[in-house]
Amino acid sequence: MIICDETNLLFTLHTKNTTYQMKADSYRVLLHTYYGPRISGGDLSYLIQYTDRGFSPNPGEAGHCRTYSLDTLPQEYSSCGVGDFRLPSLETELADGSHITDLRFIGFARQDGKYALDGLPAFFGGGEWETLILFLEDTAAHLRVELYYGVLEAQDLITRAVRIVNQGNRPIRLYQAASVCLDFQRGDLDLITFDGRHVMERCPHRAPLRPGVQGVGSIRGTSSHQHNPFVVLCEPGTGEDSGLCWGAMLLYSGNFQAQAERSQFEGCRLVMGINPHHFCYTLAPNEGFTAPEAALICSPNGFSQMSRQYHRAIRKHLLRDPLAGQRKPVLINNWEATYFDFDADRLVQIAQAAAPLGIGLFVMDDGWFGSRDSDHSGLGDWSVNQKKLPGGLEALVPRIKALGMSFGLWIEPEMVNEDSQLYREHPDWVLGIPGRAQTRGRSQLVLDFSRAEVRDHIYSALRAVLSSADITYIKWDMNRSLSDVWSAALPTERQGEVYHRYVLGVYDLLNRFHRDFPNLLMEGCSGGGGRFDAGMLYYTPQIWCSDNTDAIDRLHIQYGTSFCYPPCTMGAHVSSVPNEQNGRVTPLETRGVVAMSGAFGYEMDLGKTTQAEREIIQKQVADYHAYYQLIQDGDYYRLSNPFQDPFTAWAHVSQDQRQALVSVVTGSVCAAPSFVTLRLKGLDPSLRYQVNGVSYPGDVLMQAGYPLPMPWGDYQSVQLYLSAQ
Ligand code: GLA
């Protein structure tokens, strides 16, 4: 619910469990007065104290009043260069060379429904949403700033986006345009970030804020394996089920920055948005710039509630899944089985082994096009390699379909190898600086997706491929970080726009696929989870979570990922052992339990499995189908922390709380292990649940728990299915 008090210029956003408030003060500076557990209302600006502070300057309107300073006030969208020395939200360079932004409130608009953003991903939906737009202006700069708020009451979600418009007659250069600024009048908070590396993404790190600025970001052109555009601030005692926390997520797939500053008087400011590194966007007169959307959730009851609220909002209002409401097939991907070394018969063999096990989608990974016999050549040439696949997809796809399977394809549209037809014809189509040696990554260069003609060419080649056969799925990969960022198509003063225009170009191409192939399921990928962000999820409702398919490492990766992204978005496959990434051997049952907690599939040569293994796989596929609805739409509960506990447990609980699937994986075994009792979560305390043929009250299972069997051997797993009677 949005309440606009026009007399007092007080704006209050209520969600089911939280309240957010802003107020334009007597100088029309927009102050942030509250964000926390839901309260009845009132004007929270009484919390702000005005005191004369040394070295905190006073704005012109305040005259010689020394108690009013932007340096100490909690602001909704912080200013720059006029006496607030904390993190700015907006940094501009005006035609006179000044770098000052001083915003004042000039008006507001309230709308039913959710605003949309042109060319950028955003949460969507109808009647469940309300929108508030606050208009700010820097009169001297002729600059208007529009702050957008989307309120999804049931999920405690508040989205924010910002549009900056040059109303003058001279250009303005933007150096920073944050999507969200969040001021707290307390500094005793912990910051949690989700960090890692290729094959070990999104591991949570938590530390108390110390004075000064701390944060994470990416300057790799993608959101990156190293840090994720999602952070949490919380009270020091906050845990899974209690304590106050605030999540901030950016819907953006390029360079981002999330910084928290603990300030001199024990305040904290969180600023998140496009990374200012090499960002300089010129706004011509009357031109506007839209900063990507951010999505906030405050939970008064710990991380678990925050995660569930994000999951519900993402599933219903961000994913555009062509198979929503239908059951997605389990997939088999040939990558770890063959790498580049395959032909049509070899692929059909793999599919033949998979089909009788209930696997319904065959995905042909890298190596099917151009001269792609290794990762040194062929990228950019999107026509079928006739040596490997004589007769093309027109010949291969019917053979797969005859087995009762649908067909999917790997693509990597943003890249080119120098050894390719495309590069030989268009060497200037890559990002790169003339006269400098190119930096390669996986022997490939990056196509300049800021250019429409480059995107047009790639799109028409891929459209021809997709139209040549019945293709129901694509895996959109992206296998290097951006470097040598410079576009031959832009003038010197606009080179600071390339990183952002590149991301807009990727979104543009993804949108064209959506428009022209509405039934195509797209899975995102960037060397696994290098671009696992909410921006990509708007286009690709599932993302390959990590190139690491080891079940035990995956427990950690999927645990971290679950803090804001729902399990149904995490591509997860069973692969062969010893694992290709770390050599670990885990039981097939355990690999299945871990992978079926995401978008499930296999990535191995099933023709090489024993009869006993095939029976296990058949059961896994049947189980996945049986639990499908629970895993896709259920609420997710983390029941332990794999970074601390000797076992990892989690549960999917149906929205009506009548069913649950509890999964447990143990670590390396020791003799005479301790007893472990697992206390369940999310059940209805007043219902009785059947577990392994015995009935237990829900409150008993949650308060007293359920005993886990003694592990025998490393990395064992248990799945418990609970149904209410
Ligand atoms: C990336 C992906 C893998 C596979 C290879 C193909 O690494 O993450 O799953 O598709 O590319 O080259």
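Predicted model: local features only at pLDDT ≥ 70, side-chain atom pairs only at ≥ 80, totals over all residues.
**A guided look at some local details**

Visitor: Where does Q657 lie, and what is its phi?
Guide: Find the loop between β31 (647-653) and β32 (659-666), and you will find Q657. This residue is not a glycine, yet its phi is positive, at about 60°.

Visitor: What is the phi of L9?
Guide: L9 sits in the loop between β1 (2-5) and β2 (10-14). At 13% relative accessibility, it counts as buried. Although L9 is not a glycine, its phi is positive, at about 50°.

Visitor: Which residue has a side chain in polar contact with that of H14?
Guide: H14 is part of strand β2, and with 2% relative accessibility it counts as buried. Leaving out residues up to four places away in sequence, H14 touches several others, including M1, I3, R38 and E153. A polar contact of 3.0 Å links the side chain of H14 to that of T19.

Visitor: Which peptide bond near P578 is cis, and what is its omega?
Guide: Look in the loop between β28 (570-575) and α10 (588-595), where P578 is placed. The cis bond runs from V577 to P578, with omega near -5°.

Visitor: Which side chains of β34 are buried?
Guide: Along β34 (residues 688-691) the side chains alternate between two faces.

Visitor: Which residue of β37 is the bridge partner of V691?
Guide: β34 has antiparallel links to two strands: 4 bridges join it to β35 (residues 694-697), and 3 bridges join it to β37 (residues 717-724). β34 and β35 form a hairpin with 2 residues between them, and N692 in that turn has a positive phi of about 50°. On the β35 side, Q690 is bridged to S695. In β37, the partner of V691 is L722.

Visitor: How many charged residues line the largest pocket?
Guide: The largest pocket has a volume of about 480 Å³. It is lined by 29 residues, and the closest to its centre are H198, N479, G527, G528 and D547. By class, 6 lining residues are nonpolar and 12 are polar, while the number of charged ones is 11.

Key:
Residues numbered from 1 in each chain as written. Heavy atoms only, no water. Buried < 20%, exposed > 50% of the residue type's maximum accessible area, 1.4 Å probe, protein only. 1 Å grid on protein atoms, 1.4 Å probe; cavity = no way out; pocket = protein on both sides within 12 Å on 5 of 7 lines; lining within 4 Å. Points joined across faces, edges and corners; volume = space filled by probe spheres on them. Nonpolar A, V, L, I, M, F, W, Y, C, P; charged D, E, K, R; others polar. Polar contact = N/O pair within 3.5 Å; in protein donor to acceptor, adjacent residues only side chain to side chain. Contact = heavy atoms within 4.5 Å. Pairing = 2+ DSSP bridges.
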